[in-house]
Amino acid sequence: MEASEIKEKLKEVLVSVLNHDRFELYDELTAKDVDGWDSLSHMMIITKIEEGLNIKFKLRDLNKLKNLGSLVAVIQAKI
């Protein structure tokens with residue numbers, strides 16, 4: 001799956017969990033850059049990504065996540 005397709009799916013998940021679309025998707029995006037993205041919403045986002053893309057993250061995958069670009073890379077490796 002292409003990075004652009006993954007980013008579109010991630011945007012859908014973020015909008016669904018955070019209930020707003022006041023953010024731009026770019027590789028360096030972090031939770032600190034998005035209103036309402038806290039530790040609880042982060043877990044909800046991860047769960048929705050797993051369900052929506054039919055993948056399962058391992059703890060070592062989650063430890064690699066530094067920003068949106070690294071999330072896309074981990075997802076590409078799992079698909």
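Predicted model: local features only at pLDDT ≥ 70, side-chain atom pairs only at ≥ 80, totals over all residues.
# Notebook: salt bridges, loops and helix contacts

**Entry 1, the pair at Glu50.** I began with Glu50 and Lys56, whose side chains meet in a salt bridge with an N to O distance of 3.7 Å; I use the term for a side-chain nitrogen of Lys or Arg within 4 Å of a carboxyl oxygen of Asp or Glu. For the surroundings I looked up the relative accessible area, where buried means under 20%, exposed over 50% and partly exposed in between, taken with a 1.4 Å probe and protein chains only. Glu50 counts as buried at 14%, whereas Lys56 is exposed at 59%.

Residues are numbered from 1 along each chain as its sequence is written, and side-chain values use heavy atoms, with hydrogens and water left out.

**Entry 3, the other salt bridges.** I then asked how many salt bridges a search of the whole structure finds. The search gives three. One of them joins Asp27 and Lys7 through their side chains, at 2.8 Å from N to O. This pair links distant parts of the chain, 20 residues apart, with Asp27 in the loop between α1 (3–18) and α2 (39–53) and Lys7 in helix α1; the helices named here are DSSP runs of H or I with at least four residues, strands are runs of E with at least two, and both are numbered from the N terminus. On accessibility, I recorded Asp27 as partly exposed at 36%, and Lys7 as partly exposed at 21%.

I also found a salt bridge between Asp61 and Lys78, whose closest N and O atoms are 3.0 Å apart. Asp61 sits in helix α3 (residues 59–63) and Lys78 in helix α4 (residues 68–78), so the pair ties together parts that are 17 residues apart in sequence.

**Entry 4, the chain as a whole.** I counted four helices and zero strands in the protein chain, and reading along the sequence I get the pattern α-α-α-α. The radius of gyration is 11 Å, close to the 12 Å that the globule rule gives for 79 residues, so the protein chain is as compact as a globular protein of that length; the radius is taken over C-alpha atoms, and the rule is 2.2 Å times the number of residues to the power 0.38. Along its principal axes, the C-alpha trace spans about 30 × 25 × 20 Å. Buried residues make up 33% of the 79 residues.

For the surface, I noted an accessible area of about 5,200 Å², of which 49% belongs to carbon and sulfur atoms; such areas come from the Shrake-Rupley method with a 1.4 Å probe, and for residues only the protein chains shown count as cover. I also looked up contacts, meaning heavy atoms within 4.5 Å: among those between residues at least 6 apart in sequence, 45% join residues at least 24 apart.

Which residues does Val17 touch, not counting residues up to four places away in sequence? I listed Ser41, Met44, Ile45 and Lys48. Val17 is found in helix α1, and with a relative accessible area of 12% it is buried.

Ser70, in helix α4, is buried at 17%. With residues up to four places away in sequence left out, Ser70 touches Lys64 and Leu65. Ser70 and Glu28 are 42 residues apart in sequence, and their C-alpha atoms are 8.6 Å apart in space.

Most residues other than glycine have a negative phi. I therefore wrote down Asn19, which has a positive phi of about 60° although it is not a glycine, and which is exposed at 67% relative accessibility. Asn19 is found in the loop between α1 and α2. Asn54, in the loop between α2 and α3, also has a positive phi, of about 55°, and is not a glycine; its relative accessible area of 72% makes Asn54 exposed.
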